[in-house]
Structure formats: C-alpha cells, structure tokens
Amino acid sequence: MSKRIHYLIQREYEKKQKLAYDRLVELQADVYAKIPQIEIIDKDIRFTGLKYNKAILSGNTSADNALTELLDKINQLKSLKTNLLIEHGYPKDYLEISYECPRCKDTGFIQYGFGTVRCACYNQQLIDYLY
C-alpha cells in the first residue's frame with residue numbers, strides 16, 4: 001500500500017511539472033509573437049554556451065577567460081530580455097517557470113547537505129493520502 005501511495009504522489013508531481021512547463025511554453029509563444037526580439041535573445045543565450053565550449057575545446061581561449069566572458073554575455077542578454085519585458089508591460093519574471101511549490105520545484109524533494117529529503121508539500125500529500 002505504501003509503495004502505491006508513493007507511486008501515485010510521484011505521478012502527481014510529474015503532472016505538476018509538465019503543467020508548469022506547458023504554461024511556460026504558452027507564455028513564451030505569446031511573448032515571442034508580440035516581442036520577436038525576446039525569441040532571438042533566448043536563442044542567443046542557448047547558443048552562447050555552445051560557442052564558448054567550442055572556443056575552449058579548440059584552444060583559442062582559456063577556460064577561466066571563457067567562463068567570465070560567457071557569464072558576462074549571458075547576464076547582458078538576460079538584462080536586455082528583462083528590459084524588453086518591462087517596456088512591454090510584463091513583469092520581469094514573466095518568462096520564468098512557475099511551480100506550485102518553489103522549494104522543491106514540484107519534485108517533492110529538496111537537496112539537503114549531501115542527500116535529498118522530502119519536501120513539506122510531499123509530506124502533506126502523503127498525510128492526505130493516508131488520512
């Protein structure tokens with residue numbers, strides 16, 4: 001019985017994560033249609049890491065220099081994205097995934113020290129099932 005309950009709870013967390021991701025994709029599609037520059041910025045953020053990895057592997061730059069440049073570039077792009085969102089009347093965190101439980105990000109578990117522990121929301125769901 002206990003394994004079955006834990007299995008059901010895990011399936012619920014998987015559904016919650018999928019819903020949160022699906023909501024984010026819908027928000028992105030809406031914003032991309034209204035502010036196409038943000039889609040370009042998001043693509044630049046994704047490809048910036050690849051570009052710097054390629055530079056490190058080719059030996060054109062040191063790992064420390066590449067990391068500093070990478071973080072600077074990504075921070076600039078994120079700042080530009082945030083400014084565009086605000087200019088168009090959106091909150092700055094509009095395109096960030098929104099979980100029901102921000103502590104565990106709808107996984108049911110939290111990193112604690114060198115391991116993981118159940119989140120309070122997981123324990124509450126377990127109590128609800130047992131009750």
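In which sense do strand β1 and strand β2 pair, and over how many bridges? Strand β1 (residues 109-112) and strand β2 (residues 115-118) run antiparallel to each other, paired over four bridges.

## Ground rules

What you have here is a predicted model, so to speak of a local feature takes pLDDT of at least 70 and side-chain atom pairs count only at pLDDT 80 or more, while totals for chains, interfaces and linings use all residues. Numbering starts from 1 along each chain as its sequence is written, and side-chain values use heavy atoms, with hydrogens and water left out.

## The hairpin

Some bookkeeping on terms: helices (H or I, at least four residues) and strands (E, at least two) are DSSP runs numbered from the N terminus, and two strands pair if DSSP finds at least two bridges between them.

β1 and β2 make a hairpin with two residues between them. In that turn, Gly 113 has a positive phi of about 65°. Across the pairing, Phe 109 has Arg 118 as its bridge partner in β2, and Ile 110 stands opposite Val 117.

## The helices α1 and α2

The expected span of a helix is 1.5 Å times one less than its number of residues. For the 33 residues of α1 that should give 48 Å, and the end C-alpha atoms are 49 Å apart, which agrees. Helix α2 (residues 36-58) has 23 residues and reaches 33 Å from first C-alpha to last, close to the 33 Å expected. There's a bend in α2 of about 30° at Phe 47, taken as the angle between axes fitted to the seven residues ending there and the seven starting there.

Now for burial: buried is under 20% relative accessible area, exposed is over 50%, and partly exposed is in between (1.4 Å probe, protein chains only). The buried residues of α1 include Ile 5, Ile 9, Tyr 13 and Lys 16. In α2, the buried set includes Ile 38, Ile 41, Asp 42 and Tyr 52.

## The loop residue Ile 35

Ile 35 sits in the loop between α1 (2-34) and α2. It is buried, with a relative accessible area of 0%. Leaving out residues up to four places away in sequence, Ile 35 touches Leu 84, His 88 and Tyr 90, where contact means heavy atoms within 4.5 Å. Ile 35 and Lys 81 are 46 residues apart in sequence and 9.9 Å apart in space, C-alpha to C-alpha.

## Aromatic rings

Rings of Phe, Tyr and Trp (its six-membered ring) pair if their centres lie within 6.5 Å; planes under 30 degrees apart count as stacked, over 60 as edge-to-face and the rest as tilted. That rule gives three aromatic pairs. Tyr 90 and Tyr 94 form a tilted one, at 4.7 Å centre to centre with 40° between the planes. Tyr 90 is buried at 14% relative accessibility, whereas Tyr 94 is partly exposed at 22%.

Phe 109 and Tyr 122 are tilted too, with ring centres 5.3 Å apart and planes at 40°. Phe 109 lies in strand β1 and Tyr 122 in helix α4 (residues 120-130), so this pair ties together parts 13 residues apart in sequence. Tyr 122 is buried at 2%, while Phe 109 is partly exposed at 32%. Ring pairs link Tyr 13, Phe 109 and Tyr 122 into a cluster.
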